[in-house]
Amino acid sequence: MARVVVGMSGGVDSSVAAALLVAGGYDVTGVYLTCWEEPGCRTDQDRKDALRVATQLGIRFEVLDFRTEYREKVVEYFYKEYEAGRTPNPDVVCNREIKFGLFYDWAISHDFDYVATGHYAKIMHESTNEKTQKYFLQRPKDLSKDQTYFLWEVTPEKLAHVLFPLGDMLKTEVRAKARTLGLPTAAKPDSMGICFIGEVDVTKLLREKLGEKPGPVMWDGHIIGQHGGLWFYTVGQRGGWTLDHTKQKTTMPPLYVVGKEIKTNKLLVGTREQTIQTRFSIQDMRFMVGEQELESLVAKGKLSVRIRNLGDLFKVVQMHKQTNEQVELQVAEPIFGVAEGQSGVLYDDLGRIVCGGIICMSR
């Protein structure tokens with residue numbers, strides 16, 4: 001009997017994932033990961049809910065404390081990226097470093113065959129020869145809950161030991177299953193916000209950690225106001241700065257953040273059209289297929305890029321390799337608000353992730 005450890009967050013998704021694994025005949029252990037305990041967070045209640053589900057399912061239950069590692073690997077990254085003028089993606093880093101990093105390593109070291117979570121994603125595999133399998137992340141049945149964007153850094157080697165029991169289910173089906181089984185989390189609201197932290201006031205977090213650093217807001221070469229610190233803004237954001245009515249032009253269109261000058265502490269704003277682009281670069285690339293296959297996908301119009309979670313997929317019409325780890329993309333239609341620091345994830349026509357990286361050049 002295969003041994004599976006399932007990450008149980010105390011939510012309905014991971015609860016149903018655990019139940020499905022038990023019904024599937026696996027030897028299941030539930031684990032709650034403690035990563036963040038601050039005033040206002042739901043850690044205590046979530047842990048109790050996870051334990052209640054595990055008890056009802058009759059499976060073993062453990063708690064792992066990753067608070068120190070989470071702060072070092074995820075929270076500090078979050079602050080450093082904002083301070084550097086980029087827009088971070090803590091959920092991607094959390095999955096890479098914690099759920100499919102420390103937790104995955106713990107599971108393998110304790111002789112588990114698989115790690116499972118309640119993510120909405122699928123794993124597709126194909127045979128390269130009689131003995132070798134190649135694994136890909138693939139979009140789930142419920143595209144409205146697709147979480148593959150946050151999972152793109154989970155390596156194919158690890159995917160061979162990962163299970164996503166909800167990949168072929170709709171969210172409505174998951175809720176219905178939880179009600180049928182009488183799980184105590186059946187009606188629990190979905191968690192939102194940052195991985196393990198939940199819904200927080202990002203501006204407040206940044207102000208407490210980084211403080212304020214006022215500087216000029218520039219539009220069309222003119223100072224039109226003042227910002228409180230470049231880390232409070234991201235490309236595509238509308239407003240949020242203080243206008244100086246003695247310096248602004250007579251008539252002004254709606255203005256959006258279009259860039260930042262870190263050295264001079266200037267926030268650059270412009271019209272919505274100025275935030276839109278069809279070319280940008282991605283660095284720190286990780287490729288799941290070879291260069292020839294990527295070129296073929298582009299030529300056949302079967303390669304698309306996503307720049308934010310649940311964002312649209314934009315068809316790639318050109319991919320130019322700048323270095324071994326950096327490419328420049330051209331897309332078929334303009335994209336609004338391409339922000340440096342976010343992930344650029346590329347999918348083929350089957351919904352498989354074939355490569356991904358970090359957006360490094362948004363203008």
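Thr 29, leaving aside its neighbours within four places in sequence, is in contact with Val 4, Val 5, Val 6, Ile 59, Arg 60 and Phe 112. The model in which these contacts occur is a predicted one. Besides Thr 29, which lies in strand S2 (residues 27-34), this briefing takes up Gly 337 in a loop between two strands and the packing of helix H1 against helix H7.

**Gly 337 between strands S16 and S17**
- The loop that holds Gly 337 runs between strand S16 (326-336) and strand S17 (343-347), and Gly 337 is buried there, with a relative accessible area of 5%.
- Apart from neighbours within four places in sequence, Gly 337 is in contact with Val 235, Gly 236, Thr 275, Ile 307 and Arg 308.
- Thr 234 is 103 residues from Gly 337 in sequence, while their C-alpha atoms are 8.4 Å apart in space.

**Helices H1 and H7**
- Helix H1 (residues 12-23) packs with helix H7 (residues 171-181) at an angle of about 65°, their axes lying 10 Å apart, which makes H1 roughly perpendicular to H7.
- The crossing of H1 and H7 is left-handed.
- From H1, Val 12, Asp 13, Val 16, Ala 19 and Leu 20 meet Lys 171, Val 174, Arg 175, Lys 177, Ala 178 and Leu 181 of H7, and the residues of this contact comprise seven nonpolar, no polar and four charged.

Note on methods
Residues are numbered from 1 along each chain as its sequence is written. This is a predicted model: local features need pLDDT of at least 70, side-chain atom pairs count only at pLDDT 80 or more; totals for chains, interfaces and linings use all residues. Side-chain values use heavy atoms; hydrogens and water are left out. Axes are lines fitted to C-alpha atoms, for helices over the stretch in contact, and angles run from 0 to 180 degrees between N-to-C directions. Helices (H or I, at least four residues) and strands (E, at least two) are DSSP runs, numbered from the N terminus. Angles under 35 degrees count as roughly parallel, over 145 as roughly antiparallel, 65 to 115 as roughly perpendicular and the rest as oblique. A crossing is left-handed if the near helix is turned anticlockwise from the far one by less than a right angle, and right-handed if clockwise. Contact means heavy atoms within 4.5 Å. Ala, Val, Leu, Ile, Met, Phe, Trp, Tyr, Cys and Pro count as nonpolar, Asp, Glu, Lys and Arg as charged, and the others, Gly among them, as polar. Buried means under 20% relative accessible area, exposed over 50%, partly exposed in between (1.4 Å probe, protein chains only).
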